[in-house]
Amino acid sequence: MVQVEDLTKLYGEFTAVSELTFSLQPGEVLGLVGPNGAGKTTTLRCLAGIIPPTRGTVQVGGHDVVRNAIAAKKQLAFFTDEPRLFDYLTVWQHLNFIARIYQVTDYERIGRELLTELEIADKRDALPGELSRGMKQKLAIACGLLHSPRVIYFDEPLTGLDPLGIRRMKDSILKRARDGAAIIISSHLLHLVEEICSRILILKNGRKIADGTLDEITRKFSEQPGDASLEEIFFRATSETGAGASPPPSPH
Amino acid sequence: MVSALLYLQYLTFRNRLVSRFKRLKQPKYLIGAIVGGLYFYWYFFRYLFQGYANGRQPGANVTFFSEHLLLFELFGALVLFVIVVLAWIIPHERAALTFSEAEVAFLFPAPVTRRTLIHFKLLRSQLRILFSVLLLTLFSSRFGGNAWIHALGWWLILSTLNLHFLGSSFARTLLLDHGISNRLRRLLVLGLAVAMVAGVWIWAKRTMPGLNSASITNPGSALDYLQRVLTAGPALYLLFPFRLVVRPFLAPDAMAFLGALIPALLLFLLHYLWVIYSDVAFEETSVEASQKLAARIAAVRAGNWQGAKKNQKAKRPWFKLAASGPPATAFLWKNLIGVGQIFSPRLWVALIAIAVVVCVSLGHGGLNQNLSMVVGIVMAIALSYSLLLGPQILRLDFRHDLPLADVLKTFPLRGWQIALGEILAPVAVLAVCQWLLLAIEAGLLLCLPGLQKTLLLAIAFGSVLMLPVLDVLLLLIPNAAVLLFPSWIQTGKDSPRGVEATGQRLIFVSGQLLVLVLALLPAAGVFAVIFFLLNFTVGPAAAIMPASLAGAVVLAVEAGFGVMLLGKLFERFNVSEEPGG
């Protein structure tokens, strides 16, 4: 569903992403983790066709996001960490607008279902300025899911959500994956990644340093299988000295 | 404690200044600063320097001022009276000292007394006041008088007003706390103001000879009458405190200034004591105000003037948007909703009604033909300004949506589709406004005798054709500029301000005009050729229509290419200003 080959993104002399290659099948949930400045957001932006890669290719559903951008973009949705909304459109007007952009003829039914599922049906006529941070996030999600995307990218999806919202978001992500969507989640919340991702890709300084299931990565960075959590694996994988380095002291 | 707050203010000011100087290393700011500096010199400072260079004190109009000193004083006092009355009528919020969010976070929990916070607020407002004083002095010195007297005079006026606004906000809060609602307060203040004005009017009517129609038309007599009314009877007492505030500014020399200064300072001191000894809780409202202010600043800096409005309301769409059809229409639909914050359907109905009434009454009511001509000229000027200023004012296009460029880029649309959609709403609004003005203009001129009606109709027809296409071109230029030079246009959160920003805008507007002239040349050429060819055979009226059509086609072709180019620019637009993820 998502095929990334040799993806490289340069900003002048600075290499944000370097020779990244991976693929994602329908139903898979890939956790994209890495320290600040690792290139996670740049990677997601390249995968969504927001910025062109300097080298390499990205295919979504068999369509190149640069050469065949329209067909590729029709199949994907990208949720940024900060909900990006039009401040003078109400909740329902957002859905109406997006429906026209993606030509979703049945948007009224789907929109109603989404608003109910995301528990913002009563905010249908509210402007973004009248919504809480979490509700704005839900509206952005409703807009993104309106055209039933087959590929979904989340950049820090739990930011600003309350505990119930977090649980519902996790359920929603897993439900979309069960329905066959390929999902990439970029997050610093390692417990979230551990809980819902079927695969993990660790980035550091724009380079892939690990890619596989949690077990595979654990085997790679642990002395003994199953002796470490993802958090410890993450510190070992991303520390300057490589595997074996000590994680920061635990508060407990 | 005040010294710490002063230190904070000093550092804020110094660091801001240093950062502005540092960014002059970038050519775009340096060039902007040079152009902006020249502009300010040309507009303000040269009057100061030129006056001395010519061997005379600045201000050749001193005699004029001294002759009409009383009148100026009365006029200033009247203006202050109106401002003060409005300050007691319009505001409805509880007292709130606007602090930044950082100041609220650090100062409110700190062991700082309320009075110290008020002092801090007053001291900080002095920065703004002093800057205003500088600009106002530079401006008023162009008309004569001593610059330092003007500066001190302006300072007294603005500082006293500032204290009065603060004091009235405290008083407003106290009234609310005592159960006197905003509505009741407004009624009382308005009633009092009306009673005062009525008192002056009745007194003038009883004690002074009235103005006849001849003296009304004579400005000298009218002003003399006004002066006599305002310097005697109840108006003398009513305007007295306001005249005290204005008097130092108008003082013709140092002695007169010193004489006027003492009562003005006493009034200033009374205001200060009023503010300082008002025991009103403002913290809660200030926290709320600081958050709103931060949101408004963020909205304005993001180029979103609509979002900066205090009370944005949900607006109904102008038409029903079907789920299928050209995607560009979705942008038109969206942006028209945004435009609806100002241009509501109710406003359109009112504008059309006014246009009809004006046309009917002036055209067929047998009114003065000169008046019709004047209104016609005003309409023509408004039409010209709509072309110049319209595209700058109506910014619901890329200039507004650029902060959401990453969202737009995820849409499965070609660049030209987004570009076309983005400019459609301002084009539609501008075109309708212009057609309305054109209709009034044509309606008025058609009713005037001696003008060729067919020629007028032909010109109107040609304008109807050409104006919307011209609007497209005019809007393409700033939209292309914002994609080419995003940091020069006010869209980002770190949009520049100051002299360099003024210079940047001047350069940008000049560039816009140049591009517009170049874009108009081919259409003007085609229009001219066809018009002169047909003029000899069918006459000017019949020649204008096909010539306008041909000109509009040329403009439309240019606009089409422009939209494609704008789309390409958007596709290439790099939304990643910051490298790394």
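Predicted model: local features only at pLDDT ≥ 70, side-chain atom pairs only at ≥ 80, totals over all residues.
Visitor: Which strands are the edge strands of the open sheet in chain A?

Guide: The open sheet has four strands in the order β2-β1-β4-β5 (chain A), with antiparallel pairing. An edge strand pairs on one side only. In chain A, the edge strands are β2 (14-24) and β5 (63-64).

Visitor: What is the bridge partner of A:L7 in β2(A)?

Guide: Strand β1 of chain A spans residues 2-11. It pairs with β2(A) in the antiparallel sense, over seven bridges. Within β2(A), the bridge partner of A:L7 is A:L20.

Visitor: Why is α1(A) described as largely enclosed by the rest of the structure?

Guide: A residue is buried if 20 or more other C-beta atoms lie within 10 Å of its own. The buried residues of α1(A) include A:K40, A:R45 and A:L47. The helix α1(A) is largely enclosed because the number of its eight residues that are buried is eight.

Visitor: Which element gives the most to the side of chain A that touches chain B?

Guide: The contact takes 40 residues from chain A and 34 residues from chain B. On the side of chain A, β2, α1 (40-47), α2 (69-73) and α3 (91-102) each supply at least two residues. With seven residues, the element that gives the most is α3(A).

Visitor: How many nonpolar residues has the side of chain A that touches chain B?

Guide: By class, this side of chain A has eight charged and 13 polar residues. Its count of nonpolar residues is 19.

Note on methods:
Residues numbered from 1 in each chain as written. Chains lettered and ligands numbered in written order. Pairing = 2+ DSSP bridges. Contact = placed C-beta atoms within 7 Å. Nonpolar A, V, L, I, M, F, W, Y, C, P; charged D, E, K, R; others polar. Buried ≥ 20, exposed ≤ 12 C-beta atoms within 10 Å, placed from the backbone.
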